[in-house]
Amino acid sequence: MAELMTIARPYAEAVFALSLEEQNMADWSDQLANLAVITKDDAMTAMLNNPAYTEENIVSVYEGVMGDSLSKEGKNLLAAMAEFKRLNALPDVAEAFEALKATEEKRVRATVISARKATVEQKKKLSAALNAKFDAEVEINYEVDESLIAGIKIIVGDWAIDGSAVSQLNKLGAAIAQ
């Protein structure tokens, strides 16, 4: 997956720059999301992995499914990615584009994993703290993982804090072992 993101990032950055220039970020967001869904389809995955299909065959399937909602620039993106056999990276292009879009709109996505369901009060405090830390509107996705025993993990892009009891116990065990 990391390899696909490395491949996808330059495409996402180019599309993002174009979307800023043409002020059609929402259109690109929709196109990329739809292209990602098509790419993840089992039949399309099989087609992408089958050398019997040419780049033109594969691009024509995308164009047929997307119809009029695929822009000329979207077709150009497909052609460029198909030429280098990188269409399987489209979901990662969409993900990277959304991250760039969120940054531009001063929105940040965070995942908070806790041992128990967070209360309304805890969510308010955490939201306020993260909004202040990142100077942006933080969209928080809450998850529960009882294996943490207690505490929380917070993940925002490449930034993470692991304040779980499991993590603390592992650190303690490592310190004792030295």
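The model is a predicted one, in which local features need pLDDT of at least 70 and side-chain atom pairs count only at pLDDT 80 or more, while totals for chains, interfaces and linings use all residues. Residues are numbered from 1 along each chain as its sequence is written, and side-chain values use heavy atoms, with hydrogens and water left out.

**Helix α2 against helix α6**

- The axes of helix α2 (residues 25-40) and helix α6 (residues 90-104) come within 8 Å and cross at roughly 155°, and the two helices are therefore roughly antiparallel to each other.
- Axes here are lines fitted to C-alpha atoms, for helices over the stretch in contact, with angles running from 0 to 180 degrees between N-to-C directions.
- Where contact means heavy atoms within 4.5 Å, the residues of α2 that meet α6 include Trp 28, Leu 32 and Leu 35, and those on the α6 side include Val 93, Ala 94 and Phe 97.
- By class, the contact of α2 with α6 has 11 nonpolar, two polar and four charged residues, where Ala, Val, Leu, Ile, Met, Phe, Trp, Tyr, Cys and Pro count as nonpolar, Asp, Glu, Lys and Arg as charged, and the others, Gly among them, as polar.

**Helix α2 against helix α5**

- Helix α2 also packs with helix α5 (residues 72-83), at an angle of about 40° and with the axes 11 Å apart, and this pair is therefore oblique.
- Trp 28, Gln 31, Leu 32 and Leu 35 in α2 meet Glu 73, Gly 74, Leu 77 and Leu 78 in α5, and the residues of this contact divide into five nonpolar, two polar and one charged.

**Aromatic pairs**

- A search of the whole structure finds two aromatic pairs, a pair being rings of Phe, Tyr and Trp (its six-membered ring) with centres within 6.5 Å, and planes under 30 degrees apart counting as stacked, over 60 as edge-to-face and the rest as tilted.
- Phe 16 and Phe 97 form an edge-to-face pair, 5.9 Å centre to centre with 70° between the planes.
- Phe 16 lies in helix α1 (residues 2-22) and Phe 97 in helix α6, so the pair ties together parts that are 81 residues apart in sequence.
- Phe 97, at 0% relative accessibility, counts as buried, a term that means under 20% relative accessible area, with exposed over 50% and partly exposed in between (1.4 Å probe, protein chains only).

Key:
Helices (H or I, at least four residues) and strands (E, at least two) are DSSP runs, numbered from the N terminus. Angles under 35 degrees count as roughly parallel, over 145 as roughly antiparallel, 65 to 115 as roughly perpendicular and the rest as oblique.
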